[in-house]
Amino acid sequence: MAENDPQPVPSRTVDVASLKGLAHPLRIQILETISRYGPQTAGTLADRLGESTGATSYHLRQLAKHEFVREVEGRGTKRERWWDRPKEMLTIVTRELADNPTTREAAQLVSREFEHNRAAALANFVEHGWLEDEPEWSEAAALDTTNIRLTATQLAEFAHSVEKFIAQSVERLRATGVQEGARPVQIHFNAFPLREDAVPATRGRSRKPRGEQP
């Protein structure tokens, strides 16, 4: 690795206890909101999500217990604590957890909620962003689909190479600091085998969210 290359992002695979601790729709919303918009308090989360501060405060503590969020040192007060995500890549649901009868329900809920939130963010952009954002933003966005026939080995190699490229590119951009005029941007990468007899579903459900980054 060259001296100026970004350091690799720490990674974590969620264990059984942490998966069950995350398996609540509001906790996933809180984690998504902090990932997208940066550090939050129970109050700012309550305003964004339409919840009470009591509810967001409770669920923040549960997320902190399982190290999904951590308090921002040197910021806030005893009455107003700021929370952020550790800078790590998360593998949230593994095949082992999804197939285990004791964790299957939690795995399905977590997968479903993350996928629903991703789909909602994309639908919001398609519905409003193309026409309502400034041209420089709508023209900078890219929604690309490519179809190709691959073996499972080829798919795994392709997915790994793209995930590595995305991680390195994101860290290189982060190293430059937040630039003037920057906005929250969400990057999706999807690669999965299609069943020959499958038809498009009204609401997709992913079994294995991979590489969740802050």
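Predicted model: local features only at pLDDT ≥ 70, side-chain atom pairs only at ≥ 80, totals over all residues.
Biologist: Where do Arg 118 and Glu 115 lie in the chain?

Modeller: Both are in helix α6, three residues apart, about one turn of the helix. Helices (H or I, at least four residues) and strands (E, at least two) are DSSP runs, numbered from the N terminus. On that basis the chain has eight helices and four strands, in the order β-α-α-α-α-β-β-β-α-α-α-α from the N terminus on.

Biologist: Why is Arg 118 called buried?

Modeller: Buried means under 20% relative accessible area, exposed over 50%, and partly exposed in between (1.4 Å probe, protein chains only). Arg 118 has 17%, so this residue is buried. Glu 115, at 21%, counts as partly exposed. Over the chain of 214 residues, buried residues make up 31%.

Biologist: Which parts of the chain does the salt bridge of Arg 183 and Asp 133 link?

Modeller: The two side chains meet at 3.4 Å, N to O. This pair links distant parts of the chain, with Arg 183 in the segment after α8 and Asp 133 in the loop between α6 and α7 (135–140), 50 residues apart. Asp 133, Glu 134 and Arg 183 are linked in a network of salt bridges. Arg 183 is partly exposed at 38% relative accessibility, as is Asp 133 at 22%.

Biologist: What makes you say that the charged end of Arg 183 sits over the ring of Trp 137?

Modeller: The term requires NZ of Lys or CZ of Arg within 6 Å of the ring centre and within 35 degrees of the ring normal. For Arg 183 and Trp 137 the distance to the centre is 4.7 Å. The charged end of Arg 12 likewise sits over the ring of Phe 68, 4.7 Å from its centre.

Biologist: Which residues does Arg 12 touch?

Modeller: Contact means heavy atoms within 4.5 Å. Not counting residues up to four places away in sequence, Arg 12 touches Ser 18, His 66, Glu 67, Phe 68, Glu 88, Met 89, Leu 90 and Thr 91. Arg 12 is found in strand β1 (residues 11–13) and, with a relative accessible area of 16%, is buried. Arg 12 and Leu 90 are 78 residues apart in sequence, yet 5.1 Å apart in space, C-alpha to C-alpha.

Biologist: How many aromatic pairs does the structure hold?

Modeller: The structure holds two. The rings of Phe 125 and Trp 130 have their centres 5.0 Å apart and their planes at 55 degrees, so this pair is tilted. The rule pairs rings of Phe, Tyr and Trp (its six-membered ring) if their centres lie within 6.5 Å; planes under 30 degrees apart count as stacked, over 60 as edge-to-face and the rest as tilted. Phe 125 counts as buried at 19% relative accessibility, whereas Trp 130, at 36%, is partly exposed. Phe 158 and Phe 189 form a tilted pair, at 6.1 Å centre to centre and 55 degrees between the planes. Phe 158 lies in helix α8 (residues 152–175) and Phe 189 in the segment after α8, so the pair ties together parts that are 31 residues apart in sequence.

Biologist: Why does Leu 131 count as exposed?

Modeller: Its relative accessible area is 78%, which is over the limit for exposed residues. Leu 131 lies in helix α6 (residues 104–132).

Key: Residues numbered from 1 in each chain as written. Heavy atoms only, no water. Salt bridge = Lys/Arg side-chain N within 4 Å of Asp/Glu carboxyl O.
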